[in-house]
Amino acid sequence: MKIIHMTAEMAPFAKAGGLGDVIYGLGNAQAKKKEDLITVVLPKYESLDLSSLTSLRILIHDLMVPFEHQWTHTTVWEGNLGLIRIILIESQDPAEFFQREKIYGYPDDIERFAYFCCAAFEFIKTDTPPDIVHIHEWQTALLAPFLKTNSFSSKIVFTIHNLSYQGICDPSLLDKINLSPSINLQDDEQPHLLNLLKGAIIYSDIITTVSPTYSQEILSPQEGNGLYKVLQKEQDKIDGILNGIDFDYWNPKKDTYLPFHYSLDNLIPFPPFLAKKAKIKNHLQKILFMEEEEETPMIGVITRLVAQKGPELIKEALLYTFEAGGQFLLLGSTFDPFHHEMFYALKRKFAGSRRVHIELSYNESLAHLIYAASDLILIPSIFEPCGLTQMIAMRYGTVPLARETGGLKDTIFDLHHSIRPLSKRNGFTFLKPEKEDLLNALNRALETWRSHPQEWHKLIEVGMQTDFSWDRPAAQYKDLYNSLLVSKK
Ligand code: ADP
């Protein structure tokens with residue numbers, strides 16, 4: 001089977017967030033099987049660190065791409081990342097679409113990725129025809145109408161990683177990209193605008209979301225972000241496949257960011273294993289100038305500080321933990337002045353405290369240390385398509401406390417989770433995104449940590465024993481591709 005992933009991101013060399021991890025994790029798991037040929041196509045951003053690619057060469061010197069009523073010169077590069085074939089689209093356009101510092105965040109983002117879709121479409125025409133074109137997020141959504149209206153035989157799989165990003169834009173875009181105005185991309189809530197995501201919903205053969213619960217949530221007016229009607233109409237082709245995490249990279253046994261290593265192998269008896277984790281906690285307390293207390297619960301948060309992640313609830317949990325005598329570590333990247341100021345004010349308030357540490361940046365090495373050192377990881381999201389942090393935390397023997405939503409609901413099981421036996425309990429959850437519910441769960445967690453160590457150990461054990469690797473999701477995607485190809489015949 002020949003499978004092409006179309007994406008704006010791919011870890012490690014073009015990553016802005018979780019999407020990059022998913023493309024690498026899924027592509028790698030698929031390629032490792034050696035059953036199928038896996039290609040990933042993405043823009044050749046100026047900021048790409050190409051050192052991880054091998055055999056990089058120019059495949060097509062001058063691919064002519066129609067865009068804005070002219071032929072735009074495009075160079076197509078080919079290389080390998082392990083077993084994955086990588087195709088990089090380099091534009092030679094006057095606006096220098098990809099000669100920018102960052103992947104996203106520019107006023108012309110819609111044009112940039114519309115151009116990318118046009119170029120990727122031209123590239124597909126030159127390559128051996130793929131069986132599956134797997135498109136991801138709004139940035140590649142236009143490929144679905146392109147392929148479908150040009151009678152391509154490839155099957156189109158569209159994965160929604162986060163429905164709140166849709167690519168809403170002015171209808172004049174249609175003229176630039178040579179797509180027939182009869183194509184229905186009209187936004188349902190703002191009919192004078194286009195919605196690129198809607199095109200992928202209508203014109204793909206199958207839609208997946210990154211967790212089963214999210215595939216149901218997006219059908220409701222509350223969570224459907226203005227697209228619930230079209231999603232309801234197409235619901236027969238929607239499926240939910242839970243993401244995985246890269247088990248090689250997120251591995252406390254060999255994580256190069258950690259000063260000490262541990263694994264499930266030395267889980268029994270518990271003390272030796274926990275001692276290693278405690279040493280990392282002590283190491284982190286030392287380097288962050290926090291109180292070096294083993295008998296204090298440490299709560300960690302690693303997140304983008306945006307409305308989706310429940311910033312108000314994070315603040316409430318921090319204040320409560322401090323009052324309750326615990327330690328709180330917040331590693332959060334901010335993107336807007338409001339949330340930056342909100343958490344900067346908290347940072348100032350706790351500047352003299354040795355039980356609260358707030359770091360407002362993206363910091364990979366600190367993230368690894370917090371995952372390993374903390375007792376509890378807090379994820380109070382308002383909505384969460386899948387969420388990787390809870391899976392990473394469990395891999396590191398750290399118990400998650402999260403709101404029951406999206407992928408968090410599919411991966412974290414508390415006492416009141418009716419469909420799971422008690423022995424499969426692995427964390428703490430709360431239902432409503434409100435202070436009272438959150439603090440109730442937090443209180444239960446702190447009480448368990450302090451007074452019921454055996455129960456706590458069991459939570460750690462269940463979490464560490466769960467296979468959140470990409471093996472299962474990759475097999476599920478393969479089944480899905482197979483079902484599409486069978487239906488083609
Ligand atoms: P999202 O993609 O919505 O941000 P996910 O839970 O799917 O949320 O993925 C978040 C990923 O980004 C995880 O790997 C997490 O460790 C990482 N991450 C988030 N914020 C930070 C940060 N400030 N510093 C380092 N890593 C972060």
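Visitor: What makes the position of Glu68 a loop between two strands?

Guide: In this predicted model, Glu68 lies in the loop that separates strand E3 (54-67) from strand E4 (70-81). The backbone there has a positive phi of about 55 degrees, although Glu68 is not a glycine. Most residues other than glycine have a negative phi.

Visitor: Why is Glu68 called partly exposed?

Guide: Its relative accessibility is 37%, and since buried means under 20% and exposed means over 50%, Glu68 falls in between and therefore counts as partly exposed.

Visitor: Why does Lys34 count as exposed?

Guide: Lys34 has 65% relative accessibility, and because the cut-off for exposed is over 50%, Lys34 counts as exposed. Lys34 belongs to the loop between H1 and strand E2 (37-43), and Lys34 too is a residue other than glycine with a positive phi, here of about 60 degrees.

Visitor: How do you know that the peptide bond between Ala11 and Pro12 is cis?

Guide: The omega of the bond joining Ala11 and Pro12 is about 5 degrees, and the bond is a cis peptide bond. Most peptide bonds are trans. Pro12 is placed in the loop between strand E1 (2-6) and H1.

Visitor: Why is Leu485 called buried?

Guide: The relative accessible area of Leu485 is 14%, and because buried means under 20%, Leu485 counts as buried. Leu485 has its place in helix H16 (residues 471-488), and, leaving aside neighbours within four places in sequence, Leu485 is in contact with Met1, Asp131, Ile132 and Lys155. As for Asp131, its C-alpha atom is separated by 7.6 Å from that of Leu485, although the two residues are 354 residues apart along the chain.

Visitor: What makes E12 largely enclosed by the rest of the structure?

Guide: Seven of the eight residues of E12 are buried, so E12 is largely enclosed by the rest of the structure. E12 and E13 run parallel and are joined by eight bridges, and because two strands pair if there are at least two bridges between them, E12 and E13 count as paired. Within this arrangement, Gly300 stands opposite Leu329 in E13.

Visitor: How do you know that strand E16 is mostly covered?

Guide: Five of the five residues of strand E16 (residues 399-403) are buried. Val399, Leu401 and Arg403 point one way from E16, whereas Pro400 and Ala402 point the other way, and all are buried. E16 pairs with E15 in the parallel sense over four bridges, and Val399 in E16 is the bridge partner of Leu376.

Visitor: Which residues touch the most other members of the largest nonpolar core?

Guide: Of the 93 residues in that core, they are Phe13, Ile86, Leu142 and Ile177. Helix H2 (residues 109-126) gives the most to this core, with 12 residues. Leaving aside neighbours within four places in sequence, Leu142 is in contact with Ala114, Cys117, Leu173, Ile177, Leu179, Leu185 and Leu196. There is also a second, separate core of 69 residues, which includes Leu284, Met290, Phe328 and Ala441.

Visitor: What is known of the space in the largest pocket, and of its lining?

Guide: About 1500 Å³ of space lies in the largest pocket. Of the 50 residues that line this pocket, Ala16, Gly17, Gly18, Leu19 and Arg304 are the closest to its centre. By class, the lining has 25 nonpolar, 15 polar and 10 charged residues, and the elements that each supply at least two lining residues include helix H1 (18-32), strand E12 (298-305) and strand E13 (327-334).

How values were computed:
Residues are numbered from 1 along each chain as its sequence is written. This is a predicted model: local features need pLDDT of at least 70, side-chain atom pairs count only at pLDDT 80 or more; totals for chains, interfaces and linings use all residues. Side-chain values use heavy atoms; hydrogens and water are left out. On a 1 Å grid over the protein atoms alone, a cavity is a set of points where a 1.4 Å probe fits but cannot get out, and a pocket is an open set with protein on both sides within 12 Å along at least five of seven lines; lining residues have an atom within 4 Å of a point. Grid points are joined across faces, edges and corners, and a volume is the space filled by probe spheres set on the points. Ala, Val, Leu, Ile, Met, Phe, Trp, Tyr, Cys and Pro count as nonpolar, Asp, Glu, Lys and Arg as charged, and the others, Gly among them, as polar. A nonpolar core is a set of buried Ala, Val, Leu, Ile, Met, Phe, Trp, Tyr and Cys residues joined through side-chain atoms within 4.5 Å. Buried means under 20% relative accessible area, exposed over 50%, partly exposed in between (1.4 Å probe, protein chains only). Contact means heavy atoms within 4.5 Å.
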